[in-house]
Amino acid sequence: MGAVMSTMDHDITEPLVRRIASVIKISEEEKSAIRELPIRRSEIKADQDVVREGESPTRMFFIAEGMTATYKIVSDSRRQIVGFHLPGDAPDLQSLHLRSLDVSIATITPSTIGFVPHTAILEVCDRFPRLTTAFWRHTLVDAAIFREWMANIGQRSAPTRIAHLLCELFVRFRAVGAATADTINFPITQAEIADSMGLSSVHVNRSLMGLRAKGYFVLQDGTLQVLDWEGLQVAGDFSPHYLHLREFGDLARSS
(Lines give C-alpha, C1' and ligand atoms only; values in the text may rest on other atoms or scores of the structure.)
Protein backbone atom coordinates (compact mmCIF):
# COMPACT_ATOMS: atom_id res chain seq x y z
CA MET A 1 0.00 0.00 0.00
CA GLY A 2 2.93 2.35 0.46
CA ALA A 3 2.15 3.40 4.03
CA VAL A 4 5.24 4.69 5.81
CA MET A 5 3.69 5.89 9.04
CA SER A 6 0.88 4.80 11.32
CA THR A 7 0.23 6.69 14.54
CA MET A 8 -2.66 8.04 16.55
CA ASP A 9 -3.45 11.54 15.34
CA HIS A 10 -6.59 13.58 15.96
CA ASP A 11 -5.60 16.82 14.19
CA ILE A 12 -6.08 15.34 10.73
CA THR A 13 -9.84 15.07 11.27
CA GLU A 14 -10.34 18.77 10.45
CA PRO A 15 -10.90 18.18 6.69
CA LEU A 16 -13.50 15.53 7.54
CA VAL A 17 -15.24 17.91 9.94
CA ARG A 18 -15.33 20.62 7.24
CA ARG A 19 -16.62 18.15 4.66
CA ILE A 20 -19.47 16.94 6.88
CA ALA A 21 -20.31 20.53 7.87
CA SER A 22 -20.50 21.52 4.19
CA VAL A 23 -23.54 19.28 3.63
CA ILE A 24 -25.28 19.30 7.04
CA LYS A 25 -25.17 21.57 10.06
CA ILE A 26 -23.54 19.81 13.02
CA SER A 27 -23.01 21.02 16.57
CA GLU A 28 -19.72 21.70 18.29
CA GLU A 29 -20.28 18.58 20.39
CA GLU A 30 -20.74 16.50 17.25
CA LYS A 31 -17.61 18.04 15.72
CA SER A 32 -15.71 17.13 18.89
CA ALA A 33 -16.97 13.55 18.63
CA ILE A 34 -15.51 13.30 15.12
CA ARG A 35 -12.22 14.81 16.27
CA GLU A 36 -11.99 12.28 19.11
CA LEU A 37 -12.35 9.23 16.87
CA PRO A 38 -9.41 6.78 17.11
CA ILE A 39 -7.52 7.68 13.94
CA ARG A 40 -4.65 5.77 12.41
CA ARG A 41 -2.68 8.10 10.17
CA SER A 42 -0.87 6.75 7.09
CA GLU A 43 1.23 8.54 4.51
CA ILE A 44 0.69 6.82 1.17
CA LYS A 45 2.65 7.46 -2.01
CA ALA A 46 1.00 8.40 -5.29
CA ASP A 47 -0.52 5.69 -7.50
CA GLN A 48 -0.99 3.21 -4.66
CA ASP A 49 -4.17 1.31 -3.83
CA VAL A 50 -5.67 2.24 -0.48
CA VAL A 51 -8.32 -0.49 -0.72
CA ARG A 52 -8.97 -3.05 -3.42
CA GLU A 53 -12.06 -4.56 -5.00
CA GLY A 54 -13.08 -7.76 -3.21
CA GLU A 55 -11.61 -6.79 0.15
CA SER A 56 -13.74 -6.88 3.31
CA PRO A 57 -12.31 -4.02 5.37
CA THR A 58 -12.99 -3.56 9.08
CA ARG A 59 -12.17 0.15 8.89
CA MET A 60 -13.09 3.09 6.69
CA PHE A 61 -10.82 5.92 5.66
CA PHE A 62 -10.95 9.61 4.90
CA ILE A 63 -8.54 11.88 3.08
CA ALA A 64 -6.71 14.48 5.14
CA GLU A 65 -4.37 15.65 2.35
CA GLY A 66 -4.06 14.69 -1.29
CA MET A 67 -6.47 13.11 -3.75
CA THR A 68 -7.73 9.63 -4.53
CA ALA A 69 -9.73 8.05 -7.33
CA THR A 70 -12.28 5.25 -7.23
CA TYR A 71 -11.96 2.92 -10.21
CA LYS A 72 -13.01 -0.34 -11.84
CA ILE A 73 -10.88 -2.59 -14.05
CA VAL A 74 -12.78 -4.25 -16.90
CA SER A 75 -11.94 -7.61 -18.46
CA ASP A 76 -9.41 -6.28 -20.96
CA SER A 77 -7.53 -4.46 -18.15
CA ARG A 78 -8.78 -1.00 -19.05
CA ARG A 79 -9.53 1.33 -16.14
CA GLN A 80 -12.69 3.37 -15.62
CA ILE A 81 -12.40 6.05 -12.95
CA VAL A 82 -15.82 6.59 -11.38
CA GLY A 83 -14.97 9.32 -8.87
CA PHE A 84 -12.31 11.73 -7.65
CA HIS A 85 -12.00 12.36 -3.91
CA LEU A 86 -10.64 15.42 -2.13
CA PRO A 87 -9.54 16.26 1.42
CA GLY A 88 -12.39 15.51 3.83
CA ASP A 89 -13.99 12.84 1.64
CA ALA A 90 -14.58 9.35 3.00
CA PRO A 91 -14.68 7.33 -0.24
CA ASP A 92 -15.42 3.91 1.28
CA LEU A 93 -18.15 4.72 3.80
CA GLN A 94 -20.24 2.03 2.14
CA SER A 95 -17.88 -0.55 3.65
CA LEU A 96 -19.71 0.00 6.94
CA HIS A 97 -22.67 -1.95 5.58
CA LEU A 98 -21.49 -3.91 2.54
CA ARG A 99 -19.77 -7.27 2.95
CA SER A 100 -17.05 -6.57 0.39
CA LEU A 101 -15.88 -3.71 -1.80
CA ASP A 102 -16.96 -3.62 -5.45
CA VAL A 103 -14.42 -0.94 -6.40
CA SER A 104 -10.78 -0.10 -5.77
CA ILE A 105 -9.56 3.27 -4.49
CA ALA A 106 -6.06 4.55 -5.25
CA THR A 107 -4.09 7.69 -4.49
CA ILE A 108 -3.54 10.20 -7.28
CA THR A 109 -1.01 12.21 -5.28
CA PRO A 110 1.00 11.47 -2.13
CA SER A 111 -1.80 11.47 0.43
CA THR A 112 -2.38 11.58 4.16
CA ILE A 113 -5.08 9.05 5.01
CA GLY A 114 -6.94 8.59 8.29
CA PHE A 115 -8.24 5.09 9.01
CA VAL A 116 -11.10 4.65 11.50
CA PRO A 117 -12.37 1.26 12.76
CA HIS A 118 -15.94 0.51 11.74
CA THR A 119 -16.74 -0.20 15.40
CA ALA A 120 -15.70 3.34 16.36
CA ILE A 121 -17.86 4.90 13.63
CA LEU A 122 -20.88 2.83 14.65
CA GLU A 123 -20.36 3.68 18.30
CA VAL A 124 -20.17 7.43 17.71
CA CYS A 125 -23.28 7.22 15.52
CA ASP A 126 -25.13 5.48 18.37
CA ARG A 127 -24.09 8.28 20.73
CA PHE A 128 -24.87 11.06 18.25
CA PRO A 129 -27.74 10.04 15.93
CA ARG A 130 -27.35 13.21 13.85
CA LEU A 131 -23.90 11.96 12.82
CA THR A 132 -25.62 8.90 11.37
CA THR A 133 -27.61 11.35 9.24
CA ALA A 134 -24.41 13.23 8.39
CA PHE A 135 -22.58 10.13 7.17
CA TRP A 136 -25.67 8.90 5.33
CA ARG A 137 -25.95 12.29 3.63
CA HIS A 138 -22.28 12.03 2.64
CA THR A 139 -22.97 8.74 0.81
CA LEU A 140 -26.11 10.18 -0.79
CA VAL A 141 -24.11 13.11 -2.17
CA ASP A 142 -21.55 10.65 -3.55
CA ALA A 143 -24.44 8.85 -5.27
CA ALA A 144 -25.72 12.16 -6.69
CA ILE A 145 -22.26 12.92 -8.07
CA PHE A 146 -22.17 9.47 -9.68
CA ARG A 147 -25.55 10.08 -11.34
CA GLU A 148 -24.31 13.40 -12.71
CA TRP A 149 -21.19 11.70 -14.04
CA MET A 150 -23.38 9.14 -15.82
CA ALA A 151 -25.31 11.94 -17.52
CA ASN A 152 -22.06 13.73 -18.29
CA ILE A 153 -20.40 10.74 -19.95
CA GLY A 154 -23.55 9.53 -21.69
CA GLN A 155 -24.98 12.73 -23.13
CA ARG A 156 -22.42 15.56 -23.25
CA SER A 157 -19.71 16.27 -25.81
CA ALA A 158 -16.06 15.82 -24.88
CA PRO A 159 -15.33 19.54 -24.25
CA THR A 160 -18.55 19.85 -22.22
CA ARG A 161 -17.69 16.77 -20.13
CA ILE A 162 -14.28 18.17 -19.29
CA ALA A 163 -15.58 21.68 -18.53
CA HIS A 164 -18.20 20.11 -16.26
CA LEU A 165 -15.52 18.14 -14.39
CA LEU A 166 -13.41 21.28 -13.91
CA CYS A 167 -16.44 23.14 -12.53
CA GLU A 168 -17.29 20.31 -10.15
CA LEU A 169 -13.80 20.05 -8.72
CA PHE A 170 -13.52 23.83 -8.40
CA VAL A 171 -16.72 23.99 -6.32
CA ARG A 172 -15.83 20.92 -4.24
CA PHE A 173 -12.36 22.25 -3.40
CA ARG A 174 -13.82 25.59 -2.36
CA ALA A 175 -16.46 23.88 -0.21
CA VAL A 176 -13.77 22.43 2.07
CA GLY A 177 -11.62 25.57 2.13
CA ALA A 178 -8.93 24.10 -0.13
CA ALA A 179 -8.89 26.87 -2.74
CA THR A 180 -8.27 30.55 -3.24
CA ALA A 181 -10.87 32.76 -4.88
CA ASP A 182 -10.02 31.53 -8.38
CA THR A 183 -7.40 28.77 -8.07
CA ILE A 184 -7.35 25.14 -6.95
CA ASN A 185 -4.77 22.38 -6.97
CA PHE A 186 -5.29 20.19 -10.01
CA PRO A 187 -2.86 17.28 -10.02
CA ILE A 188 -5.06 15.12 -12.26
CA THR A 189 -3.31 14.04 -15.46
CA GLN A 190 -4.82 14.02 -18.93
CA ALA A 191 -4.72 10.21 -18.82
CA GLU A 192 -6.76 10.26 -15.60
CA ILE A 193 -9.25 12.69 -17.13
CA ALA A 194 -9.50 10.32 -20.10
CA ASP A 195 -10.14 7.33 -17.81
CA SER A 196 -12.84 9.24 -15.96
CA MET A 197 -14.62 10.77 -18.95
CA GLY A 198 -14.59 7.81 -21.38
CA LEU A 199 -12.26 9.58 -23.81
CA SER A 200 -8.84 9.06 -25.35
CA SER A 201 -5.89 11.12 -24.07
CA VAL A 202 -5.64 12.74 -27.52
CA HIS A 203 -9.30 13.82 -27.34
CA VAL A 204 -8.77 15.21 -23.83
CA ASN A 205 -5.75 17.20 -25.00
CA ARG A 206 -7.65 18.72 -27.92
CA SER A 207 -10.65 19.55 -25.75
CA LEU A 208 -8.50 21.23 -23.09
CA MET A 209 -6.71 23.25 -25.75
CA GLY A 210 -10.05 24.44 -27.15
CA LEU A 211 -11.39 25.41 -23.74
CA ARG A 212 -8.17 27.23 -22.81
CA ALA A 213 -8.24 29.10 -26.13
CA LYS A 214 -11.62 30.54 -25.16
CA GLY A 215 -10.08 32.06 -22.05
CA TYR A 216 -11.99 30.06 -19.46
CA PHE A 217 -8.97 28.97 -17.42
CA VAL A 218 -5.23 28.50 -17.14
CA LEU A 219 -4.11 24.95 -16.33
CA GLN A 220 -0.41 24.49 -15.62
CA ASP A 221 2.02 23.17 -13.01
CA GLY A 222 -0.71 21.24 -11.21
CA THR A 223 -3.01 24.22 -10.63
CA LEU A 224 -6.24 25.36 -12.25
CA GLN A 225 -6.92 29.10 -12.34
CA VAL A 226 -10.43 29.97 -13.46
CA LEU A 227 -10.50 33.19 -15.47
CA ASP A 228 -14.14 33.15 -16.63
CA TRP A 229 -16.29 31.20 -14.19
CA GLU A 230 -19.62 32.01 -15.82
CA GLY A 231 -18.26 31.05 -19.23
CA LEU A 232 -16.85 27.78 -17.89
CA GLN A 233 -20.20 26.93 -16.28
CA VAL A 234 -22.00 27.49 -19.59
CA ALA A 235 -19.38 25.47 -21.48
CA GLY A 236 -19.80 22.60 -19.00
CA ASP A 237 -23.60 22.73 -18.76
CA PHE A 238 -22.89 22.91 -15.03
CA SER A 239 -25.15 23.58 -12.07
CA PRO A 240 -23.92 22.82 -8.52
CA HIS A 241 -27.30 21.62 -7.22
CA TYR A 242 -26.34 17.93 -7.37
CA LEU A 243 -23.51 18.59 -4.89
CA HIS A 244 -26.11 19.48 -2.23
CA LEU A 245 -23.85 21.97 -0.48
CA ARG A 246 -25.39 23.98 2.33
CA GLU A 247 -24.13 27.25 0.81
CA PHE A 248 -23.62 26.29 -2.81
CA GLY A 249 -24.65 29.72 -4.05
CA ASP A 250 -21.58 31.39 -2.56
CA LEU A 251 -19.31 28.52 -3.49
CA ALA A 252 -20.48 28.25 -7.06
CA ARG A 253 -19.14 31.62 -8.13
CA SER A 254 -15.73 33.17 -7.95
CA SER A 255 -15.23 36.01 -5.52
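Colleague: Is Pro187 buried, exposed or partly exposed?

Modeller: A residue is called buried under 20% relative accessible area, exposed over 50% and partly exposed in between, with a 1.4 Å probe and protein chains only. Pro187 has a relative accessible area of 30%, so it counts as partly exposed. Please keep in mind that this is a predicted model, in which local features need pLDDT of at least 70 and side-chain atom pairs count only at pLDDT 80 or more, while totals for chains, interfaces and linings use all residues. Residues are numbered from 1 along each chain as its sequence is written, and side-chain values use heavy atoms, with hydrogens and water left out.

Colleague: Where does Pro187 lie, and which residues does Pro187 touch?

Modeller: Helices (H or I, at least four residues) and strands (E, at least two) are DSSP runs, numbered from the N terminus. Pro187 lies in the loop between strand S9 (183–185) and helix H6 (190–197). Contact means heavy atoms within 4.5 Å, and, leaving aside residues up to four places away in sequence, Pro187 touches Met67, Ile108, Thr109, Glu192 and Gly222. Phe128, by comparison, is 59 residues from Pro187 in sequence and 36 Å from it in space, C-alpha to C-alpha.

Colleague: How confident is the predictor in the chain?

Modeller: The score to read is pLDDT, the predictor's confidence in each residue, from 0 to 100. The chain averages a pLDDT of 91, and 93% of the residues score at least 70. Two stretches call for care: pLDDT stays under 50 over residues 1–8, where the model has 26 contacts beyond four places in sequence, and also over residues 249–255, where the model has 17 such contacts.

Colleague: What is the order of the strands in the sheet that contains S7?

Modeller: Strands of a sheet pair through backbone hydrogen bonds, either parallel or antiparallel. Here two strands are said to pair if DSSP finds at least two bridges between them. The open sheet of four strands has the order S3-S7-S5-S6, with antiparallel pairing. Its edge strands, each pairing on one side only, are S3 (49–51) and S6 (79–85). On average, neighbouring strands of this sheet are turned by 35 degrees against each other, direction ignored; axes are lines fitted to C-alpha atoms, for helices over the stretch in contact, and angles run from 0 to 180 degrees between N-to-C directions.

Colleague: Which residues of S7 have named partners in the neighbouring strands?

Modeller: Two bridges join S3 to S7 (residues 104–107), with Val51 partnered by Ile105 and Asp49 standing opposite Ala106. Four bridges join S5 (residues 68–73) to S7, and there Ala69 has Ala106 as its bridge partner. As for the side chains, Ser104 and Ala106 point one way from S7 and Ile105 and Thr107 the other way, and all are buried.

Colleague: How is the sheet with S9 arranged?

Modeller: That open sheet has three strands in the order S9-S11-S10, again with antiparallel pairing. S9 and S10 (217–220) stand at the edges with a single partner strand each, so one side of each is left without a neighbour in the sheet. The twist averages 15 degrees from one strand to the next. S10 and S11 (residues 223–226) pair over four bridges, and Val218 has Gln225 as its bridge partner in S11. Helix H5 packs on this sheet, touching S9, S10 and S11, and its direction makes about 90 degrees with that of S9.

Colleague: How many residues does the largest nonpolar core have?

Modeller: In soluble globular proteins, nonpolar side chains tend to be buried together. A nonpolar core is a set of buried Ala, Val, Leu, Ile, Met, Phe, Trp, Tyr and Cys residues joined through side-chain atoms within 4.5 Å. The largest has 71 residues, and Phe84, Leu169 and Phe217 are among those with the most contacts inside it. Its largest share, 11 residues, comes from H5 (residues 158–175). A second, separate core of nine residues includes Val50, Phe61, Ile63 and Leu101.

Colleague: Why is helix H1 described as largely enclosed?

Modeller: Eight of the 10 residues of H1 (residues 14–23) are buried, so the helix is largely enclosed by the rest of the structure. The cover over its buried residues includes H2 (28–35), S4 (59–65), H4 (129–155) and H5.
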